[in-house]
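Welcome! Please open the structure in your viewer and get ready to select a few places one after another.

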Amino acid sequence: MTSDQYTHGHHESVLRSHTWRTAQNSAAFMLADLAVGADVLDVGCGPGTISADLARLVSPGRVHAIDVAEEVIALARRLHEPAELSNLHFSVDNVYDLSFEDEGFDVVYAHQVLQHLSDPVAALLEMRRVLRGDGVLAVRDADYGAFVWWPLDPRLDEWMDLYQRVTSANFAEANAGRCLAAWVRAAGFAELKVSSSNWTFHDEQERQWWGKLWADRVRQSDFAVQAIEYGFATSATLERISLAFLEWSRQQDGVFIVVNGEVLARK
Ligand SMILES: C[S@@+](CC[C@H](N)C(=O)[O-])C[C@H]1O[C@@H](n2cnc3c(N)ncnc32)[C@H](O)[C@@H]1O
């Protein structure tokens with residue numbers, strides 16, 4: 001079983017971003033294929049905010065949400081137990097070796113996960129194994145190389161360069177959005193429907209949230225630790241990039257667009 005280095009880790013500044021996610025802002029491309037009563041596997045579910053939305057949408061269908069990180073599954077349980085969604089189950093599991101029987105799910109969904117894996121095709125083969133014959137695969141990943149922002153700032157270019165170098169050192173693919181169709185086809189899926197959608201951060205509240213979040217992430221998350229450990233950055237580099245994000249967040253006309261690739265496919 002492959003054991004990968006996850007670039008972000010689960011620092012509070014990372015979870016601030018992941019807990020913002022909903023079915024609406026992160027799974028809209030597959031909602032038309034999500035029937036009431038469907039059994040769903042959410043792979044690499046993180047803190048599970050999307051999983052909980054999916055459970056509400058498919059009830060009485062079941063949502064199994066898995067993640068390889070014990071600490072984030074513990075958090076997901078704490079966050080969503082009060083919602084009393086009896087059709088939502090969290091467990092620790094590894095996408096390369098899922099502990100589910102063959103063909104048990106109508107929908108297998110992975111959001112912002114394949115970009116972190118050293119062998120995304122092996123993961124997709126395992127996701128294919130647990131998908132029913134008439135089931136739907138739904139994957140969505142950011143494409144860092146396609147991100148755009150305004151105003152331009154060489155320190156933000158430095159951040160992008162550093163992010164690409166750290167993910168490469170982790171044998172991961174920061175520009176996964178554009179690779180999804182190729183990976184999905186290589187894993188034997190057919191009837192691909194390829195799309196893309198953005199997250200756009202512009203108004204004052206969005207800028208403050210996104211800018212502060214990254215200002216903290218570049219100094220405090222596992223990404224920061226790895227950037228220094230791999231010899232790609234010093235604390236001064238990270239401080240400089242962090243300040244650039246804070247300054248960006250104060251620009252009235254500032255905009256940051258996160259581009260995501262998406263694929264729906266069948267067996
Ligand atoms: C960027 S987060 C996405 C979380 C969630 N899907 C979301 O969009 O908010 C990626 C998640 O994939 C998990 N992950 C990484 N490698 C994995 C593996 N081999 N099997 C299962 N989960 C994995 C990480 O622990 C992390 O929680």
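This tour visits a ligand, a loop and a helix. Keep in mind that you are looking at a predicted model.

**Stop 1: the ligand.** Among the 19 residues around the ligand, the nearest are Arg21, Gly44, Asp67, Asn94 and His111. Zoom in on arginine 21: one of its polar side-chain atoms sits 2.9 Å from a ligand oxygen atom. Next, pick glycine 44, where a polar backbone atom is 2.7 Å from a nitrogen atom of the ligand. Valine 95 also takes part, with a backbone N or O atom 3.0 Å from a ligand nitrogen atom. Of the 590 Å² that the ligand exposes when taken alone, the protein buries 96%.

**Stop 2: valine 68.** Now select valine 68, in the loop between strand S2 (63–67) and helix H4 (70–80). Is valine 68 buried or exposed? Valine 68 is exposed, because its relative accessible area is 55%, and exposed means over 50%. Leaving aside residues up to four places away in sequence, valine 68 touches Val92, Asp93 and Asn94.

**Stop 3: helix H10.** Finally, select residues 235–249, which form helix H10. Colour the buried residues of H10: Thr237, Leu238, Ile241, Ser242, Ala244, Phe245, Trp248 and Ser249. Looking down the axis of H10, you will find these buried residues within an arc of 155°, so they line one face of the helix. Their cover includes helix H6 (154–169), strand S7 (190–201) and helix H8 (204–220).

Notes: Residues numbered from 1 in each chain as written. Predicted model: local features only at pLDDT ≥ 70, side-chain atom pairs only at ≥ 80, totals over all residues. Heavy atoms only, no water. Helix = DSSP H or I, 4+ residues; strand = E, 2+ residues; numbered from the N terminus. Expected span 1.5 Å × (residues − 1). Buried < 20%, exposed > 50% of the residue type's maximum accessible area, 1.4 Å probe, protein only. Arc of directions from axis to C-beta. Contact = heavy atoms within 4.5 Å. Near = heavy atom within 4 Å. Polar contact = N/O pair within 3.5 Å; in protein donor to acceptor, adjacent residues only side chain to side chain. Areas by Shrake-Rupley, 256 points an atom, 1.4 Å probe, with all protein chains shown as cover.
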